[in-house]
Amino acid sequence: MDNFTFVYKGRYFLKEAETLERLSAIARRNGRRTHLVYDRDIFGAGDNVFNAVCLNALFSSVRGTARKVEPGATAVFLATMNNAGWIGRVIDAINSRRAGIKTIVIAAFEDLLPDVTANHTLIGEPESVFARFLEPGCNAPARLIVDEPADLDALPLPDKELFGGYAPAAESYMIYTGRGCAGSCSYCEETVYKKQLNGYCRRRTPENVMAELVHAQRAYGIKEVLFKDSVFTQDGPWLALFLAAYREKIGVPFKCFAKADAFNETMARQLKDSGCYCVEFGVQTINGDLRRNVLNRRETLEAVRAACLACNTCGLLYDIDHMFGIPHETVEDHKEAARWYASLRGLNRIKCHNLTYYKCADITGYAIAAGDIASVPVDEEAGFFSTPVKKKLQWENRCFQKLFKTLPLLSETSVRALVRGNGWKLFGWAPAALIMIAQLIIALRNNDLRFKVYLKYYPKLLRPGNLKRVYV
Ligand code: SF4
């Protein structure tokens, strides 16, 4: 087994893609060759720019994906919270049409496994169990379970060449400085992983993270860094130490994610002085009862306002994540959210998404009890950005999603007027292109680097030549 092909479907800027880069690096360190077969799920449930199921079917094909795995290779699949069905279909296609290809499925825990049987099933933290599988003397067992977390500082640097043709590291370098989060939100995969994986939450040393960035700087000449940790500001002393080194040795603009109850003005100042151009906060709902008792989020609205104010004081842009489809949400909640968001100063974007029902996440129980869903939805149908699974309030939620996406362009008075009457309903009829133009104006006005990267690369995904690279 010396030739591994990682098979992946989804966006690049996700934890799973970085995990595959790590797995590829581990394989290469062990003298193996690695390749990627990549279904970018264009227009699919995971496409955060534009999604349309009928168009997605033109570009995304299980058989096409299976065909791309070369004879003699070992196809490696990473099971996530919602891809067991897709993995099962691709493995079925490989088994029925492609002789001589072995398959490996790696899953953090048993419940994520697909129904089909792969040649090898590895269970545990992916880097940890895959490294053990490759050890001389392990003898490639059909089933391997490893219950130890990987030493993050001892892992080889991620293999950025794996996705190199699709997501040039130079433009936007994705990095994780640790795993997990101190929060326990009922809908979040981090909460599930924390429950399932021994020692899941931990951080790399600032020196180790810097070593990766210095290497990236030399190898690719990076122009932007995207710190994808769920809460980059979780540990104040770590942050101060790291940012001091970052300012000195890297200094390119970056974006990160934070949580209002793990954020203050000192951090905002340090981030701004180090090149941060935007911080993203999860808020999800303005309704305190839903936030505490359904989402299990502990921060107060006052803390969120204080965090936004700290950013504004330091001249730091901030985005807010807002979730639709929460059990027991009402139109009144959305109106209140519109008023509250409109009262903020310096808000860059409100990023809207639908609740996704992950396996083993507590919120699924609330959703079933509320009559939103009958059972856990299967795989890709659970659209984070696409048509929501929950049928209640679909039209109303669509109206408010569009209103929220354009809200930073509107005055507080006009937003209040829109939600006082029925004006918000007009947004339901607004064409998607118009909303995109409004978002573009916001991005240009705020000089939003992240949006510019999308603008530069998303159209390239759609060029016929690029599509052929994966599917022909
Ligand atoms: S704070 Fe964010 S990352 Fe942490 S558990 Fe909640 S949703 Fe997940």
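In which sense do strand β11 and strand β12 pair, and over how many bridges?

## The strand pair and its sheet

Strand β11 (residues 254-258) and strand β12 (residues 276-284) pair in the parallel sense over 5 bridges, where pairing requires that DSSP finds at least two bridges between two strands. Within this pair, Cys256 stands opposite Val279 in β12. Strands (E, at least two residues) and helices (H or I, at least four) are DSSP runs numbered from the N terminus.

The open sheet is formed by 6 strands with parallel pairing, in the order β7-β10-β11-β12-β13-β14. Because β7 (173-175) and β14 (347-354) stand at the edges with a single partner strand each, one side of each has no neighbour in the sheet.

## Basis of the model

This is a predicted model, in which local features need pLDDT of at least 70 and side-chain atom pairs count only at pLDDT 80 or more, while totals for chains, interfaces and linings use all residues. Residues are numbered from 1 along each chain as its sequence is written, and side-chain values use heavy atoms, with hydrogens and water left out.

## Two helices in contact

The axes of helix α14 (residues 394-406) and helix α16 (residues 432-446) come within 9 Å and cross at roughly 25 degrees, the axes being lines fitted to C-alpha atoms over the stretch in contact and the angles running from 0 to 180 degrees between N-to-C directions. That makes α14 roughly parallel to α16, a term for angles under 35 degrees. The contact (heavy atoms within 4.5 Å) is made by Lys402, Lys405 and Thr406 of α14 and by Ile435, Ala438, Gln439 and Ile442 of α16.

Terms used
Parallel < 35°, antiparallel > 145°, perpendicular 65-115°, else oblique.
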